[in-house]
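The following paragraphs lead the reader through one protein model, from its overall fold to individual residues. Please keep the sequence and the structure in view while reading.

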Amino acid sequence: MNAGSSAATSAKQSLVLTAAGLIGVYLLIGGPPLVGAEDANIGFRYARNLAEGHGLVFNPGGETVEGFTSLLWAFTMGAVYLVVGAGGLEVALLMISFFLTAFALGCVLWVLHGRVRGPGYWVATAWLASLAGYFLWSGLTLMDVAIWSASLTVFVLAIYLRIHRDLGTRWHLPVIVVALSLARPDTLLVAPAIVCVALAVYGLGPETRRLAIEVGGTMIVATVALIGFRIAYFGYPLPNTYYLKLGGGSKAERLAMGASRFRDVVGYQLWPFIVLTLPALLLARSMRSRLPLLIAMLCAGQVAFSI
């Protein structure tokens, strides 16, 4: 199967998979009004005020506070509000979330095409279809999860293409890193973890070394620029959610909450992945295999992210 045919097939399958997943989850949670989660409505207020010229404020004339998680999603919502107004905002964001979710899944399916043969491909597809929590948060809450997951998927895909095929030009990956940094502050933790996984899987060769330097350098520049913007516009260097979440309890309480989140992620999402990869770990020909290290780093990254 050539690249064009594989991409077209993956796109069709991802659209069907996303539509089925969203409809299934929507029915599973009782068919509520499609107006987003409570936190999404905070974003709607920021989008309206931004579009109406009041700036990034919760109330017109109020203090500039970064009361949202994603700058990229806030500006996206503001642009959508300018086009469709308040009456069409939820529907437009639902459609955008749908296509961003389908795009992220399509990238995963495209990588699997031609690399996972026979039943393995359909087992992986079935696992993707079982991610009810992902479909709920990415597709129906109208929050920044869709743009975050799509940006993260493009970042991983860019690393994969850089190592395997070369992207052709060197500016793709820095642009993606900047977009990822705007998508969520979590990029400061997640992006280096992904690069470490790539180094563990592919080794420290010339291409992976250049990749790590490129990602790290771009992240430093993007982070310094974001800190400068926050100081100039909001008056503080870090996202408001950082002060809110880290100031809302003791370290022991936050660690306990992180452990609980990790347990939920494993219990509801990762257990099929762990079960499916366990035979590969047991059947590895030698401990020189990179698969055990990859699985260990993925789990370690999830623990760190949860905490």
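In the protein chain, residues 24 or more positions apart account for 72% of the contacts with a separation of 6 or more, a contact being heavy atoms within 4.5 Å. The model is a predicted one, in which local features need pLDDT of at least 70 and side-chain atom pairs count only at pLDDT 80 or more, while totals for chains, interfaces and linings use all residues. Residues are numbered from 1 along each chain as its sequence is written, and side-chain values use heavy atoms, with hydrogens and water left out.

The protein chain contains 13 helices and zero strands; here helices (H or I, at least four residues) and strands (E, at least two) are DSSP runs, numbered from the N terminus. Of its 307 residues, 36% count as buried, where buried means under 20% relative accessible area, exposed over 50%, and partly exposed in between (1.4 Å probe, protein chains only). The chain exposes about 16,300 Å², and carbon and sulfur atoms supply 71% of that area; accessible areas come from the Shrake-Rupley method with a 1.4 Å probe, and for residues only the protein chains shown count as cover.

Confidence comes next. The mean pLDDT of the protein chain is 81, and 79% of its residues reach 70 or more; pLDDT is the predictor's confidence in each residue, from 0 to 100. Among the elements, helix 3 has the highest mean pLDDT (94), whereas helix 13 (residues 291–306) has the lowest (54). Over residues 284–288 the pLDDT is below 50, and this stretch has one contact in the model beyond near neighbours in sequence. Where pLDDT is low, the predicted coordinates should not be read in detail.

Which residues have the most contacts inside the largest nonpolar core? They are Phe 44 and Leu 93, in a core of 32 residues. A nonpolar core is a set of buried Ala, Val, Leu, Ile, Met, Phe, Trp, Tyr and Cys residues joined through side-chain atoms within 4.5 Å. At least two residues of this core come from each of helix 1 (3–28), helix 2 (38–51), helix 3 (71–84), helix 4 (89–112), helix 5 (119–129), helix 6 (132–140) and helix 7 (145–164). Helix 4 provides the largest share, ten residues. Another core, of 18 residues, lies apart from it and includes Leu 152, Ala 158, Ile 159 and Val 190. In soluble globular proteins, nonpolar side chains tend to be buried together.

Helix 2 has 14 residues and reaches 20 Å from its first C-alpha to its last, close to the 20 Å expected at 1.5 Å a residue; the expected span is 1.5 Å times one less than the number of residues. Its buried residues are Ala 40, Gly 43, Phe 44, Tyr 46, Ala 47 and Asn 49, and what covers them includes helix 3 and helix 4. Beyond four places in sequence, Phe 44 touches Val 35, Met 77, Leu 89, Glu 90, Leu 93 and Leu 142. Just after helix 2, Gly 53 takes a positive phi of about 90°.

Met 143 is found in the loop between helix 6 and helix 7. Met 143 counts as buried because its relative accessibility is 15%. Met 143 and Gly 43 are 100 residues apart in sequence, yet 7.8 Å apart in space, C-alpha to C-alpha. Not counting residues up to four places away in sequence, Met 143 touches Ala 37, Asp 39, Ala 40, Trp 73 and Trp 137.

Ser 10 has its place in helix 1. With a relative accessibility of 1%, Ser 10 therefore counts as buried. A polar atom of the Ser 10 side chain lies 3.3 Å from the backbone nitrogen of Trp 110. Leaving aside neighbours within four places in sequence, Ser 10 is in contact with Gly 106, Leu 109, Trp 110 and His 113.

Val 190, Ile 194 and Val 197 are among its buried residues, and Gly 203, with a positive phi near 85°, follows helix 9. Helix 10 (residues 206–233) has 28 residues and reaches 40 Å between its first and last C-alpha, close to the 40 Å expected. The buried residues of helix 10 include Leu 211, Met 219 and Arg 230; the buried residues of this helix pack against helix 3, helix 7, helix 8 (172–183) and helix 9. Gly 235 follows helix 10 with a positive phi near 95°.

Notes. A polar contact is a pair of N or O atoms within 3.5 Å; within protein, one must be able to donate a hydrogen and the other to accept it, and residues adjacent in sequence count only if both atoms are side-chain atoms.
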